[in-house]
Amino acid sequence: MSNMSLTPLFRRSIGFDRFNDLFDYAMQSDTPNYPPYNIEKIADNNYRIVVAAAGFSEEELSIHLENLVLSISGKPSEQNKETNTEFLHKGIARRAFKLSLRLDEHIEVQNANYENGLLTIALERIIPEEKLPRQIPIGKNVNRLESVTVDA
């Protein structure tokens, strides 16, 4: 089912051609499952990403945003490893990771906080005024849109 064609959906839409790439990425079976994370919707325009990074310190974690891709990575420092420790059971994975999430063009990272082994990243959707819904006037001159002015 990895060869799903979205062509019928694009016949009645304009500018949604990059969704095909997003669906292809979502259909990949090698999506990372470490570390566990949540994506939460707090309000209509507020989101939060919570990454369980148990055993990492703040200095071992990094967050980068480039070309609408939010990358969260963790690399454990070598100084914390004890060579003479023998594990009878090792359930806490302290291995390097990189988690990449694609953001919408109007999503902005507000802040990040690390507490009790949870990395929390606050996001907000900020829509520019020119992208907000507006009423299009209907007039006799179809080629030119006239702006509606309000007298004060």
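## A walk through the sheets, core and rings

The charged end of Lys90 sits over the ring of Phe87, at 4.8 Å from its centre, where sitting over a ring means that NZ of Lys or CZ of Arg is within 6 Å of the ring centre and within 35 degrees of the ring normal. This contact belongs to a predicted model, in which local features need pLDDT of at least 70 and side-chain atom pairs count only at pLDDT 80 or more, while totals for chains, interfaces and linings use all residues. Residues are numbered from 1 along each chain as its sequence is written, and side-chain values use heavy atoms, with hydrogens and water left out.

Because Tyr34 lies in the loop between helix H2 (19-27) and strand S1 (37-43), whereas Phe97 lies in strand S5 (residues 97-102), the pair ties together parts that are 63 residues apart in sequence. Helices (H or I, at least four residues) and strands (E, at least two) are DSSP runs, numbered from the N terminus.

Phe56 lies in the loop between strand S2 (46-52) and strand S3 (61-66) and Phe97 in S5, so the pair ties together parts that are 41 residues apart in sequence. Phe56 is buried, as is Phe97, and Tyr34, Phe56 and Phe97 form one aromatic cluster.

The strands themselves can be followed next. An open sheet of four strands has the order S1-S2-S7-S6, with antiparallel pairing, where two strands pair if DSSP finds at least two bridges between them. Its edge strands are S1 and S6, each of which pairs on one side only. Within this sheet, S2 and strand S7 (residues 118-125) pair in the antiparallel sense over seven bridges, and Tyr47 has Leu123 in S7 as its bridge partner, while Asn46 stands opposite Glu124 in S7. Eight bridges join strand S6 (residues 107-115) to S7, and these two run antiparallel; here the bridge partner of Glu108 in S7 is Glu124. The hairpin of S6 and S7 has two residues between the strands, and in this hairpin Asn116 takes a positive phi near 55 degrees.

Three strands form another open sheet, in the order S3-S4-S5 and with antiparallel pairing, whose edge strands, S3 and S5, each pair on one side only. S3 and S4 pair in the antiparallel sense over six bridges, and Ile63 stands opposite Ile72 in S4.

Ile72 also belongs to the largest nonpolar core, a set of 18 residues in which Ile49, Phe56, Leu61, Ile72, Leu119, Ile121 and Leu123 touch the most other members. A nonpolar core is a set of buried Ala, Val, Leu, Ile, Met, Phe, Trp, Tyr and Cys residues joined through side-chain atoms within 4.5 Å. At least two residues of this core come from each of S2, strand S4 (69-74), S5, S6 and S7. Not counting residues up to four places away in sequence, Ile49 touches, among others, Ile39, Leu70, Ile72, Leu101, Leu119 and Leu123, contact meaning heavy atoms within 4.5 Å.

A last stop is His106, which is found in the loop between S5 and S6 and, at 15% relative accessibility, counts as buried. Leaving aside its neighbours within four places in sequence, His106 is in contact with Glu124, Arg125, Ile126, Pro128 and Lys131.

Notes: Buried < 20%, exposed > 50% of the residue type's maximum accessible area, 1.4 Å probe, protein only. Phe/Tyr/Trp six-rings, centres within 6.5 Å; stacked < 30°, edge-to-face > 60°.
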